[in-house]
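Work through the exercises below with the sequence and the model at hand. Each task is followed by its solution.

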Amino acid sequence: MSSSASATSRLSVMSMAASLPSVGGYSSAASSIYAKRNATNILERHLNKTRGAEVSVNAFAFLFSEMLQYTQKRVNGIQDLERKLNELGYRVGIRALDLLVWRDKNSKRETRVLGMLYFIHTTVWKTMFGKQADSLEKSTENEDEYMISDNDPMVSKFISVPKDVSQLNCGAFMAGIVEAIMDGCQFPSRVTAHTVPIDGFPLRTTILIKLDREVLDREEQLK
Amino acid sequence: MIYNMYIFDRHCQCIYYHDWHRGHTAKTAFDTHGDPLASHPSGGGGGGSTTTTTTMTDPRQGMNMSLEEEGKLVYGVVYSLRNLVKKLGKSQDGFIAYRTSHYKLHYYETLTGLKFVINSDPNVESLQQALRQIYTQIYVELVVKNPLACATITNGQVNPETMGAEGFRNGVDRFVRSLTMFDT
Amino acid sequence: MIFSIYIINKAGGLVYNKDYSEGLSKLTSNEYLVLAGTFHGVHAITSKISPAPGSSGIEMLETDTFRIHCFQTLTGTKFLLVADPQQPSIDMILKKIYEIYSDYTVKNPFQNPEMPIRSEQFDVHLLKMVKSFNGLVANNSIPYNVGSNAGVNASLQSQPHVPSLQPSLPNIASSGQGLGF
C-alpha cells in the first residue's frame with residue numbers, strides 16, 4: 001500500500017521535472033535524487049548556456065536601486081557617488097569580460113582600438129543589455145576620445161534623478177563596466193557617462209572613452 | 001437583492017431601520033434601551049421569514065456592533081461622502097451611490113434634509129428613484145399626513161413609536177418587496 | 001474622460017494628486033489632504049457596515065457628474081481614479097496606474113516609500129497613459145491644467161531636447177563623427 005503510494009509520488013516528481021526542463025531552481029533536492037540529468041539549478045547551470053538564463057530587468061532594477069541607496073549613504077557629493085558607481089561597474093565588467101571571451105567561439109584578441117570599441121558596442125552591450133548600443137562615434141575635437149551612446153539605457157530605465165542632484169548620471173555604472181573591459185583588454189582609459197538627451201530619448205546616455213597616451217602610441221606603431 | 005434600509009433625520013438620528021435579506025449576518029438589533037424602532041418585526045405581507053426578529057439574547061455576541069452603532073457609522077459614511085462629493089463636484093447633492101465588493105449603498109436626500117439609505121447587492125442599478133418614491137408616496141402619505149405620526153423630534157427625543165406606525169412600515173415593506181431586484 | 005488621479009499611502013496620507021481635465025472643482029493642497037484622509041477613513045468603515053459578510057471597502061463612488069474608482073493594493077496603497085460616468089475600461093486603467101507606479105516610483109532609488117511622489121518619469125508615463133485614454137474621447141481638447149505636482153511636468157515639456165553635455169565636457173555630441181559601424 002505504502003510502497004505504491006511512494007511510487008506514484010516519485011513518478012509525479014519525475015514527470016514534473018521532465019516536463020519542466022528549463023525552469024528548475026526551486027526543488028533541487030527532489031530533482032537531484034530523481035532526475036539527475038535535469039538538474040537545472042541556477043548555480044549548476046553550464047556557463048555556456050545563455051538562452052533562458054537572462055535575469056529579469058525588474059530584478060536588476062530593484063538590486064541596482066538598492067545599490068544606489070546604499071552607496072548614496074556612504075559618499076560625499078555627487079562626484080564621489082559617480083566614482084563609487086564606476087567602481088562597482090568595474091567589478092562587474094572585469095568578470096563579464098572573462099565570461100564573454102570564454103563564451104565566444106571564435107574569439108580573438110583585439111589589438112586595435114576600433115575593433116575593441118566595436119566589440120563593446122555590439123557583443124558586450126548585447127550580453128549585458130540585450131541589444132546593441134545605438135551609436136559609436138569618434139570625437140572630432142580630441143584624438144583620444146570615443147563615444148558609445150545608448151538611447152534608452154537599461155540601468156536608469158526606472159530612475160528619476162531629482163533636481164538637486166541633476167548632474168548625476170547613473171550610467172556611471174555602465175561606464176565602469178566599459179572601463180573594466182577596456183582595461184582588461186590592455187586598452188587603459190578613463191571612461192565617464194554623460195546625459196545627452198535628444199528628441200524622444202530623454203534618458204540617452206553617452207559613454208565617453210578617453211584613451212591613455214600609451215594606447216594611442218601603440219596604435220600609431222600598428223599602422 | 002435588497003439588504004436593508006435606513007432613514008436619518010436632520011439631526012443625525014436614525015429614525016427608521018428595516019432589513020430584509022440579512023439572514024446570515026443578522027446583527028444584534030437594538031438592546032432594550034436602544035431605539036425600539038427596529039425591533040418591530042415586519043408585519044408586512046409576503047414571507048415573514050426573511051425579516052429578522054429582535055432577540056434579546058444575541059447568539060453572535062461580541063462579533064458585531066449594535067444596530068445603533070451601525071446606524072451612526074452609516075450616517076458618518078454618507079455624511080462624509082456627501083460632503084466630499086459636494087466639494088469635488090460642481091453640483092449640489094451629487095452623491096448617488098457607492099459600491100464595494102459585496103454591497104451597494106444608494107442614497108437619496110430630500111430638500112428637508114431627510115436622508116434615505118438603502119443597501120443592495122452590488123449589481124443593482126441605481127435605486128435613487130425608488131428611494132424617492134418611498135419618500136413621496138409612502139413617507140409623505142403615511143407619516144407627514146398622518147396627524148398621529150409625529151415624525152419630528154420633540155425635546156430632543158425621538159418618539160419612534162409614532163414614526164414607526166405600522167402603516168408606514170407595512171407600506172415600505174410592500175413597496176420594497178415589489179421591486180424587481182428584491183429577491184434576485 | 002479621466003479627471004484626476006490620487007494616490008493614498010497605507011496610512012491615509014496623500015502622496016500624489018494630479019488633475020488632467022477640468023471636470024472637478026479646484027481645491028487647495030490642504031483640502032486634498034483632508035479629502036484623502038476622509039476617503040481613507042470611509043474606506044475602512046464601509047467594509048465594517050456591510051450587510052453581507054466579508055465585504056471590501058468602497059470600490060466605486062457614483063455621483064451625477066463623475067465617479068471615483070478606488071483600487072487598493074495588497075500592500076494598502078490606494079489608487080483613486082476620478083473619471084466621468086461613461087469612462088470605459090476602468091479596471092485596465094487602474095491596473096496600468098499600478099504598473100507605472102511600481103515601475104517608476106518603487107524602483108526609483110531616489111523615491112522614499114510612503115512619501116509624496118516626486119519622480120519625473122512617473123509623471124511623464126502617467127500623463128502619457130492618461131492622454132492615450134482621454135484621446136479616445138474625440139475632439140475634447142480640454143487643456144491639461146497644472147495640478148500641484150505638475151511643475152515638474154511643465155518644465156519637462158517646455159524644455160526642448162537640445163543635446164547638452166556637462167560643462168566640463170566639450171560639445172562633442174553634435175560634432176561627433178560616425179565611424180560607420
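**Exercise 1.** Describe the side of chain C that touches chain B.

Solution. Contacts come first: 30 residues of chain C are in contact with 30 residues of chain B, two residues being in contact if their C-beta atoms, placed from the backbone, lie within 7 Å. Next, assign elements: α1 (29-48) and β3 (60-63) of chain C each supply at least two residues of this side. Helices (H or I, at least four residues) and strands (E, at least two) are DSSP runs, numbered from the N terminus. The largest share, nine residues, comes from α1(C).

The model is predicted; local features need pLDDT of at least 70 and side-chain atom pairs pLDDT 80 or more, while totals for chains, interfaces and linings use all residues. Residues are numbered from 1 along each chain as its sequence is written, and chains are lettered from A and ligands numbered from 1 in the order in which they are written.

**Exercise 2.** Find how β3(C) is joined to chain B.

Solution. Strand β3 (residues 95-99) of chain B runs antiparallel to β3(C), with four bridges between them; strands pair if DSSP finds at least two bridges. Within β3(C), Thr63(C) stands opposite Phe95(B).

**Exercise 3.** Determine where the buried residues of α1(B) lie around its axis.

Solution. List the buried residues (20 or more other C-beta atoms within 10 Å of their own, C-beta atoms placed from the backbone). Among them are Leu67(B), Val74(B), Val78(B) and Leu88(B). Viewed down the axis, the buried residues of α1(B) fall within an arc of 140°, so they line one face of the helix. The arc is that of the directions from the helix axis to the C-beta atoms.

Note on methods: A residue is buried if 20 or more other C-beta atoms lie within 10 Å of its own, exposed if 12 or fewer, and partly exposed in between; C-beta atoms are placed from the backbone.
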